[in-house]
Structures are given as structure tokens and as C-alpha cells.
Amino acid sequence: MGEVFAGRYELLEPIGSGGMGTVWLVHDRRDDEIRAAKLVRQVDAALLLRFIRELSTRVEHPHTVVPRGWAGEDDTVLFTMDVVRGGSVHHLLEDFGALPPAWAACLLDQLLDALEAVHEAGIVHRDVKPANLLLEPTGRGRPYLRLSDFGVAVPMHEPRMTAPAVVLGTRGYRAPETAFGVDPLPVQDLYGAGVVLAEMLTGERPPDGRALPAVAPPGVDRRLWDVARSMANPDPALRPATAAQARKMLHETGLVPPSTFVPDDGGAQVEVFEHVRADGVGVPSPRPTPELTPSLRPPATPSPVAPAGPGTPARRPAPLAVLGLLSVGAGGVVIVVALLMLLG
Amino acid sequence: MSGPDVEANQRAQAALYGEPLGVIVRRCADVLGLTQARVAATLGISAPMLSQLANGHRVKIGNPAVVSRLQAMYAAAQAVASGETTREDAIAGLASQGGAAVVTSWTKADASAVRALFRAEGTAAEYEDAAALVADAHPQIAALLRRYGADG
């Protein structure tokens, strides 16, 4: 039996490491559910908990993964989330390189949808990058993105809970102005989303902190490139001001597939695999598991307003919701570096 | 998914890559002493994708960067097999080609130094007092005083 945190969450196995902490698959003994849980060592555990509580009540959006439960023990906080089993956009880029334009447009559309809700709730995510854009295992169907890892998110217009002079985020996706300690603002998330779009279009992360070239690289759709270029403008004043504006620009390209349509992959056979098995890992399944299919399973308890079709995973995807593996890409070295940073 | 397509896929792989990918990957893993998961991580590809390719459920490696990393791995395996280099050196050479670190960083001012500075000028009780005085007009400054002066 694994270690039990706060008398309730049995730690089963680590499934990744993200901003500020390690992600575990845990068995919630009270609810008898398998969940993803992030363990964060934090001096200001009380403040962090307050924030998590706010976050979970303020952001309810089908394209986000927000903390649902929490527990504290000594100087460590554990918070639980749905498990999203299809890996992340990081994995998709690793496996397929540059994505077809309709896939990139479809994924960005969902990301902007999520950011709109997050910003409306007065929160800035601050760590928008491919590894934090989790995917439901939809196979060859329409992809379903969920913005995750609010570990370093902050509320706007409130006393900071983090120490002053903190520079947060991930190099390459962090808006240049954040290096100078500016207040958190939605346009910083739009910068990260613009970089993600450029990376989805080219298969490579663009060089740090510089404007994207005016001319789209060979083979890249010019209309989408212009959207990326505008969102990832080093000057925050020249970016779209809101996620809604960016989304409008995106839709004007005419490349966002209508809802429920599977984006055309032009023969690239793009597929979102199942990265975390639905029956948990190394543990007896707490309840009978439906037969695995590459497509999305409907939620265990469908919410009354959930529309049919690919939109269904909304709030409670599956009894064994799973958080995607994070930071698998560059292997152990990166994880060790991350841990050193966290403990440092 | 499985079934008759697999053999056709493996033939297509042999035409593209010289041999079916399952054979190539297995040889690399055996010679270098790596698990399938380590092979996937070293190639910068997801484990499910690697297993689809190795099983012949999918023909082509989508990401061109992965093809060149697989070539490098195959060359390294051959160098080990022929005794030109050791396993350890070969693996170390492959690992250094890994992708850039994309890790959330958390650069934090040294809070203890700031606290020391505050405490040199007053006691916790004094900062608590001061915080209470300004709390109504300047709640953020009050929070700052409490954070660094009072509750240490």
C-alpha cells in the first residue's frame, strides 16, 4: 500500500511533474475514486489553499481542469483534479510534428474559449504551454483540449500571494514584459497561446522573445500565421486585448472546423492516444471499467446541460478521470531539474 | 485496428526505413539496454505512438525530428554492437540531443533576506500594529508588513 496523505489520499504512482509540484495518481479513499493529485511543498500553504478554493468555485468551464479537492499536511498541500487521459499538446507535437491547419485552429479555439472564462473569473493562468494543454483520448475524432495546471495562476487586482519580484512561467512561452515584474494581465496568457499556435503550425517552438517573422514559413498557412504573429507580439499593446478578440481573429480565418466536425488532417492521420489507462495503474479498479475505446467516453454522471457529442466530457469526464502525463518529453533530466527548482 | 493491415504496414515500413520499425526499435533497445519507455523518451515520442509504430498499427513517423533521432539511435546501437563505444557513452550521447527543457520556472526573491531586513528595524508586534493602522487605506501594504514583518 502506498503512503496515505492526510488520512484520505493514497499515493499510487507519480504520473508527471508540472509547475510547482509532482502529479500523482491517487486513490481517494473517502469517495473511492482515482484522481490526479498535485503535491506542492509550499511555505504559504494556507494562502495557496485559499486560492485553490477560490479557483474551483470561480472557474467552471468544460475546457479547463481545475482543482476539485484539497488537503494539507505540514508544509505540503495536495489538490486533486480530474484525470485527463490523452496526454497533452506537447505529446501531439512530439508524435506528429507540425499539425494540420484545421487541427491547430480547432485546438487554439478551445484554448481561447477556456482563457476567456479564466480571465472573466479574474484569473491569469501565467503558464500557457503545450504541456499544460491536456487532451481527452479522442483518437481520430475531434480533439478535446483542457487547460490545466493552475499551479502558478494568480488572481488579478488582489494582494499577491506570491513573493514580490517573482518571475513565473516557462521560458519561451512567457510574455517578455513579465521579466520586469509587471502585474498579471490576460494579454500575457494570449502571448503564450500565440507561441503555442506558432509551434503547432511549424512543429518547433519559435525563438525566445522575438517577433515572429512577417512572412509565414514555407508550408504554413498564412492566415493562421498572422493570428499567431499578432498574439505573440512582444509589445503587449499590439496583441489582441482579450481572448474573445483573439478568437474572433481566429474565426475570421475560416479555418476553425464547425463544432462537432472532425478537423481535416490532410492525410496526416493525427490521433490522440490514450496515455493513461482508464483502469488506473497498478491498483484494482474501484469499479467495473467500461471497455476501452479510443474515443471519448461520456461522463459518469452526465450533467443536465451537457450537450451530446464531443462536448460531453465537460465537468466530470469519467469515474477514473486522469491527468495527462506531463514533461515526459525530454525525459528524466528535465524532471530532475524541475524538482531541484521546486526544492531550491 | 490490428489484423491484416499489420503485415502490409510492416512492409511499407521496411520500404521507408529499411526494416519494420518493430525490428529496429527492438534491436536498439536490446543493444543499448533500454526499456521501451526509455526508447520513447530518448526519441522524444509518446509511448503509445512508439508502440503503434513498433506493432505495425501505423506506418509513418509523423515528426521528422523523430526520424533523425531514430537514425542517431540506430547508429549508436551499431557502434555499441561493433565494440566502437560503450553503452554508457552511446546513451549519454543520445541524451544530450534531447529537446529543450520546457519546465515552469519559479524564480523567487529570497524572502528570508527580506524578512531579516524588516526584523532589523522592528519587532513582529510593531509590524502587526503598523499593519492594523494602514489596513483600511492600504490593504496591500498591510499585507506586506504582516508578511515580512509579523508572521515571519
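Mentor: Along its sequence, chain B runs α-α-α-α-α-α-β-α-α-α, which comes to nine helices and one strand. Helices here are DSSP runs of H or I with at least four residues, strands are runs of E with at least two, and both are numbered from the N terminus. This is a predicted model, where local features need pLDDT of at least 70, side-chain atom pairs count only at pLDDT 80 or more, and totals for chains, interfaces and linings use all residues. Residues count from 1 along each chain as its sequence is written, chains are lettered from A and ligands numbered from 1 in the order in which they are written, and side-chain values use heavy atoms, leaving out hydrogens and water.

Let's settle on helix 5 of chain B, residues 64-81. Its 18 residues should span 26 Å at 1.5 Å a residue, and the C-alpha atoms at its ends are 26 Å apart, so the two agree. That expected span is 1.5 Å times one less than the number of residues.

Now the two ends. At the start, a side-chain oxygen of B:Asn63 comes within 3.0 Å of the backbone nitrogen of B:Ala65. After the helix comes B:Gly83, with a positive phi near 80 degrees.

What about the sides? B:Val66, B:Val67, B:Leu70, B:Met73, B:Ala76, B:Ala77, B:Ala79 and B:Val80 are buried. Buried means under 20% relative accessible area, exposed means over 50%, and partly exposed lies in between (1.4 Å probe, protein chains only).

Stepping back to the whole chain, 36% of the 152 residues of chain B count as buried. Of its contacts (heavy atoms within 4.5 Å) with a separation of 6 or more, 59% are between residues 24 or more positions apart.

How far to trust all this? pLDDT is the predictor's confidence in each residue, from 0 to 100. Chain B averages 84, with 84% of its residues at 70 or more. Among its elements, helix 2 has the highest mean (95), while strand 1 (residues 104-107) has the lowest (52). Over residues 98-102 of chain B the value is below 50, and this stretch has eight contacts beyond near neighbours in sequence. The model as a whole scores ipTM 0.70 and pTM 0.73.

One last stop elsewhere in chain B: ring pairs link B:Phe118, B:Tyr127 and B:Tyr148 into a cluster. Rings of Phe, Tyr and Trp (its six-membered ring) pair if their centres lie within 6.5 Å, with planes under 30 degrees apart called stacked, over 60 edge-to-face and the rest tilted. Both B:Phe118 and B:Tyr127 are buried, as are both B:Phe118 and B:Tyr148.

Note on methods: Polar contact = N/O pair within 3.5 Å; in protein donor to acceptor, adjacent residues only side chain to side chain.
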